[in-house]
Amino acid sequence: MYKKLLIILGFLLGGTGGLILIYLTYIYLTLPDVRLLETWTPPESSAVYDYRDRYYGDIGVQKRYYVKIEDIPEKLIQAFVSAEDRNFFKHSGIDVGAIIRAMIANIKAGRIVQGGSTITQQLAKNLFLTRERTIRRKIREMILALKIERTFDKKKILELYLNQIYLGNGAYGVEAASRVYFGKSVKDLTLEEAALLAGLPKAPSRFNPFVNPELAERRRNYVLRRMLEDGYITREEYEVAVSKPVVVMTENRYRMSDYVLDMIKEYLIEKYGDLALQGGLKIYTTIDRDLQAHAVRVLKRGLRRLAGVVGVPILPETRKDLEEFYKKQGKRLVDGKVYVAKVLEVEGDTAKVEVGGKEFSVNVKGFPMDRREYLMVRIHRTFSGFEAEPVPDLQGAVVSLDVHTGAIRAIVGGYSYAYSPYNRAIYAKRQPGSAIKPVIYMAALLKGETQISSIDARPRTFYDPTTGEEWTPKNYDDAEYTVVTLRQALAKSINTATVNLLDKLGFDVVLNVGDRLGLGDLKPYYSLALGTVEVTPLELTSAYQVFANLGVRCRPFLIRKIVDRMGRVLEENTPQCEEVLPPQETRVLVDMLRAVILEGTGRLARDLPRIVAGKTGTTDEYMDAWFIGFSPYIVTGVWVGFDLKRTLGPGMTGARAALPIWKDFMAVAASKYPNDDFPLPDGTVVVPINPKDFVVADETCEGVDMVFVEGTQPRLTCSDIRDLITPREIW
C-alpha cells in the first residue's frame, strides 16, 4: 500500500529527484524497528566445565557468550575500531570518506578489494538484513545504520557488534572466539591476541590461525600497525607485539561436540526444554577432562592395534578426512574391496548409500545408524552388476567412575564421534560373558562359602529354557578340571565350575545380588553363568563400582550443578550412595578379583604399579571382549566388539582385546590417586593360605595371603596336617 501511494506522490512532485526521495522514504518506512535491539538476546552457548571447574566445551545453537562492554578490554575495542572502522567515534553511522576511498580502490583493482561499511552498518546487515549484494540492500543497510546511531550510544553499538560478529571456527562474538583460539576469557587477552581477533572479521576462514598461521600473523600485524597509526598503542608496544609468534590452542581442544556433550545436551533438552536451547547456562560436570582425553586416545590406539590383528579396516577419524577419503576412492568399483559409502537415507533396516557414483540399498539391521553419514561396504560383482553389503565397524567403549561417589570421570562411546556419534557406552546392549561371574561368586559368599571352598568343575548337562534343549558348558580351549576352589574358578574363569556353583546356589540368591548391583534384567537360566544376558558398559562398570566400594552402591552421575544466565542454581546433584552388600563378604570377593590379576586371566595387568582387581569377559564365538577392573579409588570398564554382532576372530578374548586398552588407561587414571590397598573392614582377617593343601601356612610351608570373613578362615596349619599323617601312611 505504501509503495503505490508514494509512487503516485512522486509523479505529482515530478522529476527524478522526487522519485528518489519517495523511494528512500518507502525503504525507511518498511525497515524493521531498531528499538528491538534493546531487548535482543542472541542465542548463546552453554558452557560445560569438568570436575575441577576447568572449561571442557560448550553446547548450543551457536558458540556465543554475551559479555557487557564494561567487561571487554579497551585494547580489544581499539583493535576492532582500527581494523574495521577507524572513524567509528566520529561518524553518525555512515563514513562517506571511507565509501569514496573504497570505490576508488575497487575501481583501480577491477574487483572488490575494500569495503566502506562502518561497524554500525555491519551490525545492521548481520542482525536485520540478508547477505545479498544489491544496491537496494546496501541502501537499507545505510538507513538502518543511521537509525541505530540515533537510537543507541556508541558503547551499546560496540557491545552489540562485538557479541554478534562471526570470528570463525563456529565462534560468534569475542568471548567465544577468545575461548576457541586462546582457551581464555576475553578479559585476559594480551594486545597481540586482541589484534589477531580484530583481524578475523574480514575473512575468518582465510585468516584462521589454526589453518593459516602465517596469514593470521600478517593480518594481526596489520591491525597492530593501524592501532599505532591511530594512537592507541606506543611504538614500543607495537614492536613487542609484532615480534611475538601466533600462539593458539590445539584446535581439537575446543570441542564442537563429543559423547559427553551429547549426553548433557540430551539431558538438558529432556528436562528443561526451550530453556536449554536458549543457552547461557553453566553446566558443572563430574568429568575429568584429562582422563577423558586419555580415554579417547587409548581406545583409538587399542582399536587400531586390534584392527591390524583381526584384519579389518579402520576409517579416518574426522568428517573432513572421511569426505576426502570418500572422494579419493574413485568410481571404478573392484569386486571384494571395502569402500566408504555415503549414507543418503535410512528407512527401517534399509539404508540407501552411494559409492563410486552408484546407489545401493543395504540391510543395516543391527547397525547404530543414528546420524551416521558414512558406512563401510564391501562390493560384490553379480550377473546384473554390483551389490553392496555393510561391513561392521570395529568399535569399543570406555567408562570410568569414581569408586566412592559414582561420578563419571570419563566416558567414550566409540572409536570416533565424528564418524559415529552413537554412544555405545550407554546404549549398546551387549553380552558380558565371564564378566558377569562375580555376581554368582558374591552370592556364594553371602551363602557362607569362602574363597577356598571347593566346587566340582566337571561338566554337567543342563536344560536351557531359551532353546528348549539340553546344554553342556565347556571351558576355554576345552580345558578339563575336577575339583577347584572358588578362588581358582573365578581367577581362571572356569565355566563348568561356575555353572555348577549356580546350580548349587539356586537362582533366587544370584538374581537378588544382581538387583542390588543395578543389574535387574538377569534371567533364571543356567547360561547366565556365562553372561548370556545383555548389559551396557555403563551398567556393568557401575555394578563393579559396588565391589570396589565394598558393598556401597553409588548411582553414576554426570552433572554436579547447573546455573542459569542470571546466576540461579537450577539443580545441584550430590552422590546418591547406599550400602547394598555387606562389606565383609564384598572384601573377600575383591580379594578373589585381585587373584584374577595375580593368578588368572588378567595377568597382563600384574605389572601395573598399583593395586588393582578385575575380571575379563569373553562371549560365545568371541563376539564381545570385556575387562572391568578397579583400584580402591577408580573403576573402569572397557568393551570391544563389532556393531553388528559377529566374531572378533579366534582367540580374541577379553584378556587379549579389551585388557590392553584398560591397562593403558588405568596406568594414568590410577596414578592420580594414592597407591593404597583395599581397606579391611571390621570382621575380616587376612590369613596366609598354603595353595597346595588350603590350610594356614606356617614356618613349614609357603602361603598366599587371602581375606576371610572372621570366623570362616581355616584353623589347620601345614604342621597340623603333617602331624595327622602317621609314619605307616607315609610309608
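Tutor: Before we start, one term: a contact means heavy atoms within 4.5 Å. Also, this is a predicted model, where local features need pLDDT of at least 70 and side-chain atom pairs count only at pLDDT 80 or more, while totals for chains, interfaces and linings use all residues. Residues are numbered from 1 along each chain as its sequence is written, and side-chain values use heavy atoms, with hydrogens and water left out.

Student: Got it! How many helices and strands are in the protein chain?

Tutor: There are 26 helices and 23 strands. Both are DSSP runs numbered from the N terminus: helices are H or I with at least four residues, and strands are E with at least two.

Student: And how much of the chain is buried?

Tutor: Of its 731 residues, 54% are buried. Buried means under 20% relative accessible area, exposed means over 50%, and partly exposed is in between, using a 1.4 Å probe and protein chains only.

Student: Why is helix 17 said to be largely enclosed?

Tutor: Helix 17 spans residues 437–446, and nine of its 10 residues are buried, so the rest of the structure largely encloses it. Among the buried ones are Val 439, Ile 440, Tyr 441 and Leu 445.

Student: What covers those buried residues of helix 17?

Tutor: The cover includes helix 18 (486–491), helix 19 (495–505), helix 20 (507–516), helix 21 (537–548), helix 22 (583–599) and strand 19 (613–618). Just after helix 17 comes Gly 448, which has a positive phi of about 100 degrees.

Student: New topic: how many disulfides does the structure hold?

Tutor: It holds two. A disulfide here is a pair of cysteine sulfur atoms within 2.5 Å. Cys 554 pairs with Cys 577, with the sulfur atoms 2.1 Å apart. Cys 554 sits in strand 15 (residues 552–554) and Cys 577 in strand 18 (residues 577–579), so this pair ties together parts 23 residues apart in sequence.

Student: Is Cys 554 buried or exposed?

Tutor: Cys 554 is buried, at 0% relative accessibility, whereas Cys 577 is partly exposed at 36%.

Student: Which cysteines form the other disulfide?

Tutor: Cys 701 and Cys 718, with their sulfur atoms 2.0 Å apart. Cys 701 lies in the loop between strand 22 (684–689) and strand 23 (704–709), while Cys 718 belongs to helix 25 (residues 718–724), 17 residues apart. The torsion about their S-S bond is about 85 degrees, so that disulfide is right-handed.

Student: And what about the torsion for Cys 554 and Cys 577?

Tutor: There the torsion is about 110 degrees, so that disulfide is right-handed too.
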